[in-house]
Amino acid sequence: MAETWTEEQLIADGFERVHTELEWYDGPRVGLADINGEPHYFQNHDYDHAGEADEYHVWPASEVTVELEREQWAIFARWNERREAGEVGPESHPDHGGIGARYDELELLLAPYRQAPDGARRLVGELRFGAGARYRVEGLDYWFRWRPSRSGRR
């Protein structure tokens, strides 16, 4: 089990909240997190990289997009609570399509915003875990601390 920190420790150490997770593979790959207090998409598809910090493409998310992302995340988080309670199985996962009309609608509405634009910045994200449930309506149990990339690439 990974070491966990309190929310107060995370904030004091400069870590910021992760709001949604769109993909996880050996670590967070795509999602929505705060950077300097503002919601941004983050994206990393370097699955072969191992280490405590990864480089991500990041770009701002509009207020409207953030609200839609949070709405879709809440649908998933509530489904996950029911799955963990044994009330539903994995076959009812809302991402399978055709299970929840609003989830599917949000997927279509959000797809264009989830693609890194040409001007996306590159930042290194250091990951830490907070206490509590992994998936919550208000966000996740992990946080990021961001710093500039040393590679100089955009």
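Analyst: A salt bridge here is a side-chain nitrogen of Lys or Arg within 4 Å of a carboxyl oxygen of Asp or Glu. The model is predicted, so local features need pLDDT of at least 70 and side-chain atom pairs pLDDT 80 or more, while totals for chains, interfaces and linings use all residues. Numbering runs from 1 along each chain as its sequence is written, and side-chain values use heavy atoms, without hydrogens and water.

User: What makes E105 and R102 a salt bridge?

Analyst: Their side chains meet at 2.9 Å, N to O. The cut-off is 4 Å, so the pair qualifies. Both residues lie in helix α3, three residues apart, about one turn of the helix. Helices are DSSP runs of H or I with at least four residues; strands are E runs of at least two; both are numbered from the N terminus. An α-helix has 3.6 residues a turn, so residues three or four places apart point the same way.

User: Why is E105 called partly exposed?

Analyst: Its relative accessible area is 39%. Buried means under 20%, exposed over 50%, and partly exposed in between (1.4 Å probe, protein chains only). The value falls in between, so E105 is partly exposed.

User: What else does R102 pair with, and what does that pair tie together?

Analyst: R102 also meets E71 in a salt bridge, at 2.7 Å, N to O. R102 lies in helix α3 and E71 in helix α2, so the pair ties together parts that are 31 residues apart in sequence. R102, at 30%, counts as partly exposed. So does E71, at 29%.

User: How do you know whether D54 and R29 are buried or exposed?

Analyst: D54 has a relative accessible area of 9%. R29 has 0%. Both values are under 20%, so both residues are buried. They form a salt bridge, with the closest N and O atoms 3.5 Å apart. D54 is in strand β5 and R29 in strand β3, 25 residues apart.

User: What makes the R128 and D13 pair a polar contact?

Analyst: Their side chains come to 2.6 Å. A polar contact is a pair of N or O atoms within 3.5 Å; within protein, one must be able to donate a hydrogen and the other to accept it, and residues adjacent in sequence count only if both atoms are side-chain atoms. R128 is in strand β6. At 14%, R128 counts as buried.

User: How do you know which side of α3 the buried residues are on?

Analyst: The buried residues of α3 (residues 101-110) are Y103, L106 and L110. They cover an arc of only 60° around the axis, which puts them on the same side of α3. The arc is that of the directions from the helix axis to the C-beta atoms. On the other side, A101 and L108 are exposed. The cover over the buried residues includes β4 (38-43) and α2, where contact means heavy atoms within 4.5 Å.

User: What makes a set of residues a nonpolar core, and how many residues does the largest have?

Analyst: The members are buried Ala, Val, Leu, Ile, Met, Phe, Trp, Tyr and Cys residues, joined through side-chain atoms within 4.5 Å. The largest has 18 residues. V18, F42, V58, F144 and W146 have the most contacts inside it. Its largest share, four residues, comes from α2. A second, separate core of nine residues includes Y41, W59, A61 and L110.
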